[in-house]
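This report describes salt bridges and a helix packing. Please keep the sequence and the model in view while reading.

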Amino acid sequence: MIRRITERASGFAKNIPILKSSRFHGESLDSSVSPVLIPGVHVFHCQDAVGIVAKLSDCIAAKGGNILGYDVFVPENNNVFYSRSEFIFDPVKWPRSQVDEDFQTIAQRYGALNSVVRVPSIDPKYKIALLLSKQDHCLVEMLHKWQDGKLPVDITCVISNHERASNTHVMRFLERHGIPYHYVSTTKENKREDDILELVKDTDFLVLARYMQILSGNFLKGYGKDVINIHHGLLPSFKGGYPAKQAFDAGVKLIGATSHFVTEELDSGPIIEQMVESVSHRDNLRSFVQKSEDLEKKCLTRAIKSYCELRVLPYGTNKTVVF
């Protein structure tokens, strides 16, 4: 059951309608709304109770802020509450540190499992590292989106278990933008996970941009932060080498891609984003593979953008709420 709040309420700022958050899906908050007011995002997760929405909205309104979008989700037969609000406020009247303190007071009152504020124009961008193997399509997509300012992250480094020639497009791009490239040779006996942990210790989360190695439980525990992966979705499932050719030879009519959090169980972590596309007898192997790779890079980029915009919250043991 999804609660959507789309009417004006006395607890919110005067004459400001509360819009469905879908208005903002896939779009970064625009700091040009006002020369004074800046946008912020708050996500909240706790046990369901009466009055949570009123408390959260009053917190913003009491400081002169205006709510632009508000979305609430309360699962059927499950006494938990999720919300995501987008608001604008004057940082002079409501200092950034005070914003955290005010929402933390509410979090303590309701014993919140998650209460996070993000102010894109003030807060540092998320620092990420990209891990990949031979294929470059996801990496190239992310680098270009980052260069265009459409991916709100700082890329600290690129790590690969395959060496690349210095005169390639990717390597020239990385060198031009001062992004370090680390070649970490791995074997079945030695995945060099300690070396990788040292390289990514100052990041906020990791992205596996087609990294064809399984990360161990020890690595995930040692890192202690989120890792996001992308993999193809060819129906039915095809195992072994070159699954795209197997799917093409089998006459598959629907292909897809899944981006998810990494857990110890391979490709079974909570799903963030999925995309699908039809293929037909008119596709040759080249166009089939191209469509599959296009889905992978789009799906991964969208998942990372949603994560950075605080749209993704854990739900139960193996699900997510994605606003």
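## Salt bridges and a helix contact

Glu-198 is partly exposed, having a relative accessible area of 49%; buried denotes under 20% relative accessible area, exposed over 50%, and partly exposed in between (1.4 Å probe, protein chains only). The model is predicted: local features need pLDDT of at least 70, side-chain atom pairs count only at pLDDT 80 or more, and totals for chains, interfaces and linings use all residues. Residues are numbered from 1 along each chain as its sequence is written, and side-chain values use heavy atoms, with hydrogens and water left out.

Glu-198 forms a salt bridge with Lys-201, a term for a side-chain nitrogen of Lys or Arg within 4 Å of a carboxyl oxygen of Asp or Glu. Lys-201 is likewise partly exposed, at 49% relative accessibility.

| Salt bridge | N to O distance |
|---|---|
| Arg-96 with Asp-123 | 2.9 Å |
| Lys-201 with Glu-198 | 2.8 Å |
| Glu-273 with Arg-302 | 3.8 Å |

Arg-96 and Asp-123 form a salt bridge. This pair links distant parts of the chain, 27 residues apart: Arg-96 belongs to helix α2 (residues 96–110), and Asp-123 to the loop between β5 (114–118) and β6 (126–132). Helices (H or I, at least four residues) and strands (E, at least two) are DSSP runs, numbered from the N terminus. Arg-96 is buried, with a relative accessible area of 16%, and Asp-123 is buried at 14%.

Glu-273 and Arg-302 also meet in a salt bridge. That pair links distant parts of the chain, with Glu-273 in strand β12 (residues 271–278) and Arg-302 in helix α8, 29 residues apart. Glu-273 is buried at 12% relative accessible area, whereas Arg-302 is partly exposed at 39%.

Helix α8 (residues 285–308) packs with helix α3 (residues 137–147) at an angle of about 45°, their axes being 9 Å apart. Axes are lines fitted to C-alpha atoms, for helices over the stretch in contact, and angles run from 0 to 180 degrees between N-to-C directions. The contact (heavy atoms within 4.5 Å) involves His-137, Cys-138, Glu-141, Met-142 and Lys-145 of α3, together with Glu-293, Glu-296, Lys-297, Leu-300, Thr-301 and Ile-304 of α8.
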